[in-house]
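The following exercises concern the structure shown below.

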Amino acid sequence: MPSTIRVRAISSGDLTEVQALIQHPMDSGFMTDAQGATIPAHFIQELTFECKDKKVFVADWGPAVSKDPYVKFSFKGAAKGDDLKISWVDNKGATDTITAKIQ
Amino acid sequence: MTGEVGFPVSRRLVLKAATSVALIGLSGFSLTPIPALAAYDKYPEDAFKQKSDAAAIKSLYGGKAAEASDKVKLDAPEIAENGAVVPVSVTTTLPAVTSISFFVSENPNALAAFYVIPEGTVPGVANRLKMQKTSNVIAIVESEGKLYSATREVKVTVGGCGG
């Protein structure tokens, strides 16, 4: 199965800019389907970015984050070729992880 | 309601929007170590369950009050045509930032996202939020243990007419 995480991490000088796009329904639990049945809440709760065994960014999300969430941030202390590990876990316990090379 | 009826946004469009967000300034970033704050390694379940923004802020930060600050730059559209995907970002020149959070006051649960900013990470984040209807969006930046906020109203239109 292809990864749900697409990430681009680009190093420029001292800074590494990270953009991540994750495939996830992010169902809020407030919506109903065509038959009027409530679609149960299903959303990513925690998204973690690690570089050199150090957490560089942690997102705690509720169901108000848009479907197929996108996030962008920058951090210091990494160089081209370093590994950036990204992982998420949702409210049903599902999880996915990817390791990307910083470009 | 406006919820998630939106059409899929093409990846190209998304990346275009993303790259157009300016790089975050580093000025004023202090390297002074500050005491590690407890509880930030845990998902703030309780805060996400609170209905109002005030209750969520209280649950997240204890009794601390946020002070409005022009050093917190909250970028959000004035009018969002699609409440399912509202691009919101925040940057700040405040020093020693440890967390950034986003609240949508009129959503069923106000807290939308909470970000832990470790030392060495630029205090700024861009993300996309859902908005049920026209509402204030509040960003709170935690700097040197104090809370600073910025608020903007985002009008959510339904079917492209009026707000």
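Two residues are in contact if their C-beta atoms, placed from the backbone, lie within 7 Å. The model is predicted: local features need pLDDT of at least 70, side-chain atom pairs count only at pLDDT 80 or more, and totals for chains, interfaces and linings use all residues. Residues are numbered from 1 along each chain as its sequence is written, while chains are lettered from A and ligands numbered from 1 in the order in which they are written.

**Exercise 1.** Describe the elements and contacts of chain B.

Step 1. Helices (H or I, at least four residues) and strands (E, at least two) are DSSP runs, numbered from the N terminus. Chain B holds three helices and nine strands.

Step 2. Of the contacts in chain B between residues at least 6 apart in sequence, 71% join residues at least 24 apart.

**Exercise 2.** Determine which residues of helix α3 of chain B are buried.

Step 1. A residue is buried if 20 or more other C-beta atoms lie within 10 Å of its own, exposed if 12 or fewer, and partly exposed in between; C-beta atoms are placed from the backbone.

Step 2. In α3 (residues 53-61), the buried residues are Asp53(B), Ala56(B), Ile57(B) and Leu60(B).

Step 3. Viewed down the axis of α3(B), they fall within an arc of 100° and so line one face of the helix; the arc is that of the directions from the helix axis to the C-beta atoms.

**Exercise 3.** Locate Thr121(B) and list its contacts.

Step 1. Thr121(B) sits in the loop between β6 (111-116) and β7 (124-129) of chain B.

Step 2. Thr121(B) counts as buried because it has 27 C-beta neighbours inside 10 Å.

Step 3. Leaving aside residues up to four places away in sequence, Thr121(B) touches Val56(A), Phe57(A), Phe73(A) and Phe75(A).
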